[in-house]
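Visitor: I would like to learn how to read the folds of the two chains shown here, one feature after another. Could you take me through them?

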Amino acid sequence: MTRPAAAMALLAELTHRCPLQCPYCSNPLELERAAAELDTATWCRVFSEAAEMGVLQVHFSGGEPTARKDLRELVRHAADVGLYSNLITSAVLLDRDRIAALAAAGLNHVQISIQDSEAPGADRIGGYAGGHDKKLAVARLVREAGLPLTLNAVVHRQNLQNLEAMIALAVELDARRLEVAHVQYYGWALANRASMLPTRDQLEQATKVVQAARERLKGILTIDYVVPDYYAHKPKACMGGWGRQFLNVSPSGKVLPCHAAESIKDLRFDSVTERPLRDIWENSEAFRRFRGTDWMPEPCRSCDQRELDWGGCRCQALALAGNAALTDPACGLSPHHADLLALAERESASPPPAFRYRRIGATAAV
Amino acid sequence: MNKSRLTITDASVPRLPPHIKLRFDDTRQQWIILAPERVLMPDEIALAILQLCDGVATVGAIADDLAAKFDAPRDLVGQDVTNMLQDLADKGVVNA
C-alpha cells in the first residue's frame, strides 16, 4: 500500500466545554469532561508533529476553544511551527484584551458563529441569554484588531426566514467571508433533527437567496454554502474523503478522521498520547478502514463518481442505513435513498418538537 | 451599504493582505497560498504574477515585466494579469 498524501488541516477540538447549548452541535452526545483534556505541552507537541508531517492549517475548535486558559500559548506555538491558524468561536468569552493577545500570538483568522439575525431568536437557539449582542460586539473588536473575520450562520427551519438579514449582518460587521451552513445531522444535531430539518421548499428558497447575494456582493463578501444532503441526489465528499485531507483531535487526544467518527462504535481510535500523529494518519486501523476506494461496496465500487464523492459520509451511512460501510443514503443510487427522502419530508412537515439542548451530562437516550 | 467591489486597473498597486501567506511548501514541493480556511495552489502564471505583487509595482508595470520575461504580446499579458488579479481580489486574496 502506498503512503497516503499528507493531511492539509488539523481540527483541534481543545475542549468540549461551551457556555452555549446549541441543539445543532455536531459534538458527540457523550461530551468529554474537562479533567480528560490534553494539557498544554501535549497540544503543543501535537502541533509540532502536525507541521512536521505537512499539515498546513490548524483550526482551534471545540466546544468553545476560548474556554481554555492556555489558548494564547497554543496559538503562539502553532505560529512558531508554521501552522496557519483559525479560531472557530462562539465569541462570548472574548474581550478586547484577549483578542489583542491572540493577534499578537500570531492568530491568522477568526470565525464567529451566529444563531440568528436578532437577539431573541439567536439567544433562544443558543440557550445563552445576551449571547447575540456579545457576539456582535466581539466581531467588531476582531476587526478593530486587524484580524480577518468569517461569520458562520448555522441555518435550519427555525431561522431560515432570516437568512437575508444574516447576510446583511455579515456585511455590516465587515466580515470578508460568510458561511451559510445548513445544519449537518450528527451528534446533538441528529438528536434534534425533527426540530431543525427544513422542508424542500425552504431549502430551495435559501439557495436562491444565497445565489442572489453572491452576485450582489461579489468582491465584498464571499459566501460559502453548505447544504443539507437529505434532499440531494449526490452525496457530499465528506471531509474531502476519509483520511485524505483532514484529521481531528478530540479534547482527550483521540485522532479521528472526522469530528463525528466516534459514532462508529466498532472502530478503535488511537490517541496522540500513545502513538505519533503521522503514524496514526498513515497506518492506524481507523484511518485505513475507509480510505480510498478498496472498502467500497456496490453501487460505489463501479461508480464513476467514486473518486469525487468517496462514497459520501460514513457516519451518515451508519446513522441512516445502519452500517458505516454502505453507500451514503444521500446518494440517489443507495437502496436507502427513498427512505431518507420520505423521512425528511415527514419530519420537516411536522410541528417541531422542543429543542434538546446540548449539555454535559444530559446524555439520556433519545 | 457603503462598501464596494475593488476594480483592478492598470494603475492599481496590488499586494497580498497580511493574513494571506504565499510560500513554498516543502512537503508538497509546490507554492501554496494560505488564506482563511483555504489553501490555494497557484499555477505557474498565477505564481509569477503574485510574486510581483509587492505593494509598489502597478498592474501595468507587472504586465510590462511579464511580457518582456515571457516574450509575449503586451496587450494579451495585460489582459491576463488584470483578469487574474480581479479574480483574486474578488476572493479577498489580493488588495490594492
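This is a predicted model: local features need pLDDT of at least 70, side-chain atom pairs count only at pLDDT 80 or more; totals for chains, interfaces and linings use all residues.

Visitor: Which secondary structure elements does chain A have, and in what order do the strands of its sheet lie?

Guide: Chain A comes to 14 helices and nine strands. A sheet is read by the spatial order of its strands, and here nine strands form an open sheet in the order β7-β6-β5-β4-β3-β2-β1-β8-β9, with mixed pairing. The edges of this sheet are β7 (222–226) and β9 (255–256) of chain A, each of which pairs on one side only.

Visitor: How many bridges join β8(A) to β9(A), and in which sense do the two pair?

Guide: Strand β8 (residues 246–249) of chain A pairs with β9(A) over two bridges, in the antiparallel sense; within this pairing, N248(A) has L256(A) of β9(A) as its bridge partner.

Visitor: Where does helix α5 of chain A lie relative to the strands?

Guide: Helix α5 (residues 131–144) of chain A lies across β4 (109–114) and β5 (149–155) of chain A, and its direction makes an angle of about 165° with β4(A).

Visitor: What do the overall dimensions say about chain A?

Guide: The C-alpha trace of chain A spans about 55 × 45 × 45 Å along its principal axes. Because a compact globule of 366 residues would have a radius of gyration near 21 Å, the 20 Å of chain A agrees with that expectation. Of its 366 residues, 49% count as buried, and among the contacts in chain A with a separation of 6 or more, 73% come from residues 24 or more positions apart.

Visitor: What pattern does chain B follow along the sequence?

Guide: Chain B has three helices and three strands, and reading along the sequence gives β-β-β-α-α-α.

Visitor: How should I describe the packing of α2(B) and α3(B)?

Guide: Two packed helices are described by the angle between their axes and the distance between the axes. Here the axes of α2 (residues 59–70) and α3 (residues 74–90) of chain B come within 9 Å and cross at roughly 130°, which means that α2(B) is oblique to α3(B). The crossing of α2(B) and α3(B) is right-handed. Among the residues that meet there are V59(B), I62(B) and L66(B) from α2(B), and V77(B), V81(B) and L85(B) from α3(B).

Visitor: What percentage of chain B is buried?

Guide: Buried residues make up 24% of the 96 residues in chain B, whose C-alpha trace spans about 40 × 35 × 20 Å along its principal axes.

How values were computed
Residues are numbered from 1 along each chain as its sequence is written. Chains are lettered from A and ligands numbered from 1 in the order in which they are written. Two strands pair if DSSP finds at least two bridges between them. Helices (H or I, at least four residues) and strands (E, at least two) are DSSP runs, numbered from the N terminus. Two residues are in contact if their C-beta atoms, placed from the backbone, lie within 7 Å. Axes are lines fitted to C-alpha atoms, for helices over the stretch in contact, and angles run from 0 to 180 degrees between N-to-C directions. The radius of gyration is taken over C-alpha atoms; the globule rule is 2.2 Å times the number of residues to the power 0.38. A residue is buried if 20 or more other C-beta atoms lie within 10 Å of its own, exposed if 12 or fewer, and partly exposed in between; C-beta atoms are placed from the backbone. Angles under 35 degrees count as roughly parallel, over 145 as roughly antiparallel, 65 to 115 as roughly perpendicular and the rest as oblique. A crossing is left-handed if the near helix is turned anticlockwise from the far one by less than a right angle, and right-handed if clockwise.
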